[in-house]
Amino acid sequence: MHKVIIPIGPQHPALKEPESFMVALSGEKITEFGVRLGYNHRGIEKACEERTYIQDVYLTERICGICSHAHSSAFVQAVEEIAGLAVPKRGLYIRTLIGELERVHSHLLWLGVAGHEIGFDTLLMYTWRDREIVMDLMALLTGNRVNYGINTIGGVRRDVSPEQIKEILKGVDALEERTKYYIEIASSETTVIERLSGVGILSHEDALRLGAVGPTGRASGIDRDTRRDDPYAAYGEIEFKVVTDNHNDVYGRTLVRLGELMESYKMIRQILKKMPDGPIAIKAPRKIPPGEAFSRYEAPRGENVHYVKANGTEKPERVKVRAPTLANIQTVAKMLEDRQLADLPIVIAAIDPCFSCTDRLIAVKDLETNKTNTLKWQDLHAYSIEWHREHGVDFSQLNKKLKGMLK
Amino acid sequence: MTREEEIQDSLIKKFNFLENKIRVQRQKRIFAEVPSENFLEVFEYAVEDLGFKFICTITGLDEGSSLAFIYHITRQDGITLNLKITVPKEHPVIKTVMQFFPGADIYEREVMDLLGAKVEGLPAGKRYPLPDDWPAGQYPLRKDWKKPEKAKGKEETQNA
């Protein structure tokens with residue numbers, strides 16, 4: 001059959017983030033699959049070198065919206081190791097607590113996206129409704145639904161009160177109940193099982209060879225989890241099971257994430273029970289002595305690593321980030337080999353990709369005038385109205401008409 | 001003897017030039033500086049015989065007159081070995097590790113784009129992460145890199 005190459009992206013209505021896929025088809029069958037990344041590269045590693053350590057905590061937090069805590073934690077851990085700071089235990093427990101709550105919201109988000117990609121939008125509505133419980137808990141604990149700003153070098157910035165602990169326990173009970181229901185769906189609902197089984201196959205050998213991380217690797221029988229293998233924060237004192245599966249397909253990846261949700265609830269209860277009293281942070285020096293550290297963190301999508309090199313000043317010499325999607329994206333081509341085009345959305349979604357994490361580097365600057373500019377929300381709004389008016393789209397008459405109708 | 005010290009000992013026993021070049025920074029973290037001409041044999045021994053079967057990433061560093069590359073490899077028990085090689089900036093050639101880790105090509109392409117490394121043995125492929133029309137010879141993670149003064153015409157940027 002005649003070979004057809006379909007470009008998907010970098011801008012495409014079906015994509016949530018900019019990335020570019022070249023899919024070669026023979027009929028409905030995928031014969032070749034190429035990925036081009038980098039469209040989200042914002043220059044964060046370079047920007048980190050130009051800012052102080054404290055500013056970098058907030059900058060690294062903004063590498064990703066979904067697993068922001070994963071990045072700020074990995075960064076502060078590296079800096080704390082270089083500076084030889086012993087973070088108080090309570091601080092470490094709070095860091096772990098936020099980390100597990102983040103995993104819960106991320107996995108529920110994924111479950112909804114997976115439901116959507118297979119045309120099961122009821123699952124999307126259900127899981128995203130339930131996810132609000134954990135989002136509200138995050139807002140209660142940190143003041144924000146995303147980008148929590150809880151980490152600082154030397155500990156955390158907010159303590160957890162007994163009233164908040166009660167709320168967390170209530171929320172976790174409700175979420176556990178809901179997750180049990182989703183597990184029941186995943187193990188009994190024929191449409192889900194049939195749609196996900198045998199799709200996006202990644203054999204154990206290929207997963208090892210290509211270096212798959214997180215749930216993508218664990219669903220191909222790779223028994224690796226940084227929380228257990230290289231414990232950080234309070235993970236060394238908490239009991240949990242590393243969930244693995246041998247289905248090697250999207251169904252297996254679903255089961256692994258559902259199992260991890262149940263483990264996270266258990267861990268959150270243990271954290272709240274075992275959390276010692278005491279200070280939540282120690283004062284960190286502004287200048288960090290020369291040294292280097294390599295920090296690993298099990299983000300919801302897999303192992304996230306940061307390397308930090310300090311040169312004795314208040315700014316780092318080098319910050320290097322490798323987010324989990326970069327390690328996993330290589331497996332997608334393997335998963336799609338000789339598969340149907342219709343499987344492409346769910347197979348890509350099943351690694352739970354996050355390209356804003358993966359691409360990082362470039363400063364915002366007006367290249368014509370060489371001026372750096374900060375736009376406020378109102379400016380941006382006004383600019384957009386003006387831009388559209390110049391291009392022949394003018395809503396001012398319509399707006400007047402609408403206002404008249406509302407009177 | 002801890003497992004980290006055992007690894008240190010086996011490395012030194014096999015390659016005597018690594019004497020005083022290995023540092024156990026803490027539990028599960030080993031840093032080693034390897035002469036670039038011996039890199040592949042040390043790397044192969046670490047991967048095949050010491051069980052460092054997984055590559056986390058490759059970090060590139062601009063150290064003034066030279067570029068350094070750190071290969072962060074890890075094993076099942078969580079011990080991470082950070083192998084560092086240094087090459088002169090005017091001739092920044094490193095060898096690919098794709099024969100051990102086929103997934104490592106994206107990390108190698110990243111140090112090519114951002115630091116100007118030349119990777120021997122890496123097959124042709126799409127660049128990562130900079131745009132296709134990024135000017136040649138501009139490596140943004142080098143310390144002496146300056147942001148372009150102003151946008152240049154297309155032809156000019158390609159020949160820059």
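1. The domain bounds used in this note come from an automatic or database domain assignment. For chain A that assignment gives domain 1 (3–36), domain 2 (44–335 + 342–358) and domain 3 (377–406). The model is a predicted one, and the points below should be read with that in mind.

2. Domain 1 and domain 2 of chain A have C-alpha centres 28 Å apart. Their contact involves six residues of domain 1 of chain A and seven residues of domain 2 of chain A. On the domain 1 side, the residues that touch domain 2 of chain A comprise four nonpolar and two charged residues, with no polar ones.

3. On the overall form of chain A: the chain contains 16 helices and eight strands. Its C-alpha atoms fill a box of roughly 65 × 55 × 50 Å along the principal axes. A compact globule of 407 residues would have a radius of gyration near 22 Å, so the 23 Å of chain A agrees with that expectation.

4. Buried residues account for 47% of the 407 residues in chain A. Of the contacts in chain A between residues at least 6 apart in sequence, 70% link residues at least 24 apart.

5. Strand β6 of chain A (residues 291–299) deserves a look. Eight of the nine residues in β6(A) are buried, so the strand is mostly covered. β6(A) runs antiparallel to strand β7 (residues 302–310) of chain A, and nine bridges join the two. The pair forms a hairpin, with two residues between β6(A) and β7(A). Within this pairing, E292(A) stands opposite K309(A) of β7(A).

6. How many residues of each chain take part in the contact between chain A and chain B? There are 29 from chain B and 30 from chain A. In chain B, the strands β3 (54–62), β4 (66–74) and β5 (80–88) each supply at least two residues of the side that touches chain A. The most comes from β3(B), with six residues. By class, the side of chain B that touches chain A has 15 nonpolar residues, seven polar and seven charged.

7. Most residues other than glycine have a negative phi, and most peptide bonds are trans. The next two points list exceptions.

8. Two peptide bonds are cis. In chain A, the bond from G9(A) to P10(A) is cis, with omega near 5 degrees. P10(A) is placed in the loop between β1 (3–8) and β2 (20–26) of chain A. In chain B, a cis peptide bond joins Y128(B) and P129(B), with omega about 0 degrees. P129(B) is in the loop between β7 (118–120) and α4 (154–159) of chain B.

9. Positive phi values occur at N147(A), near 50 degrees, and at A233(A), near 45 degrees; neither residue is glycine. N147(A) belongs to the loop between α5 (121–142) and β4 (151–152) of chain A, while A233(A) is in the loop between α10 (226–229) and α11 (250–274) of chain A. Are these residues buried or exposed? N147(A) counts as partly exposed because it has 16 C-beta neighbours inside 10 Å. A233(A) has 24 other C-beta atoms within 10 Å and is therefore buried; the cut-off for a buried residue is 20 or more.

Conventions
Residues are numbered from 1 along each chain as its sequence is written. Chains are lettered from A and ligands numbered from 1 in the order in which they are written. This is a predicted model: local features need pLDDT of at least 70, side-chain atom pairs count only at pLDDT 80 or more; totals for chains, interfaces and linings use all residues. Two residues are in contact if their C-beta atoms, placed from the backbone, lie within 7 Å. Helices (H or I, at least four residues) and strands (E, at least two) are DSSP runs, numbered from the N terminus. Ala, Val, Leu, Ile, Met, Phe, Trp, Tyr, Cys and Pro count as nonpolar, Asp, Glu, Lys and Arg as charged, and the others, Gly among them, as polar. A residue is buried if 20 or more other C-beta atoms lie within 10 Å of its own, exposed if 12 or fewer, and partly exposed in between; C-beta atoms are placed from the backbone. Two strands pair if DSSP finds at least two bridges between them. The radius of gyration is taken over C-alpha atoms; the globule rule is 2.2 Å times the number of residues to the power 0.38.
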